[in-house]
Amino acid sequence: MPSCYKCGKHIPRGKGLRRKVYTGSSYGMSRSVGNRGKNPRKTAGYRRYYGMRTICNECTGSRLTLVEIVVLTVVGIVLYQIFI
Ligand SMILES: [Zn+2]
């Protein structure tokens with residue numbers, strides 16, 4: 001039985017959605033060969049990886065996860081303490 005990528009809840013058969021979700025990032029160099037092996041280009045960059053994951057209906061409805069809500073609340077309280 002599949003489970004939700006975000007909240008870990010088991011998804012009943014036929015429910016849930018396949019969504020493209022952010023799975024990680026990396027910084028690195030890659031070489032791509034140009035025309036007929038000439039002018040190989042080096043590209044450096046920050047890459048983001050996305051993968052297809054199964055997410056339950058509740059998680060597709062709200063973009064914020066429980067962890068994100070908690071973090072935002074804590075940040076809000078800290079900022080409130082600083083400025084008051
Ligand atoms: Zn979920």
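Leu66 lies in helix H2 of a predicted model. Helices (H or I, at least four residues) and strands (E, at least two) are DSSP runs, numbered from the N terminus. Leu66 is exposed, because 11 other C-beta atoms lie within 10 Å. Leu66 and Cys7 are 8.1 Å apart in space, C-alpha to C-alpha, although 59 residues apart in sequence.

Helix H2 covers residues 66–83. Its 18 residues should span 26 Å at 1.5 Å a residue, and the end C-alpha atoms are 26 Å apart, which agrees. The expected span is 1.5 Å times one less than the number of residues.

Gly8 sits in the segment before strand S1 (17–32). Gly8 is exposed, because 8 other C-beta atoms lie within 10 Å. Gly8 and Cys56 are 48 residues apart in sequence, yet 8.9 Å apart in space, C-alpha to C-alpha.

The protein has two helices and two strands. Along the sequence, the pattern is β-β-α-α. Of its 84 residues, 7% count as buried. Contacts (C-beta atoms, placed from the backbone, within 7 Å) were counted between residues at least 6 apart in sequence; 63% of these join residues at least 24 apart.

Residues are numbered from 1 along each chain as its sequence is written. Local features need pLDDT of at least 70, side-chain atom pairs count only at pLDDT 80 or more, and totals for chains, interfaces and linings use all residues.

Note on methods
Buried ≥ 20, exposed ≤ 12 C-beta atoms within 10 Å, placed from the backbone. Contact = placed C-beta atoms within 7 Å.
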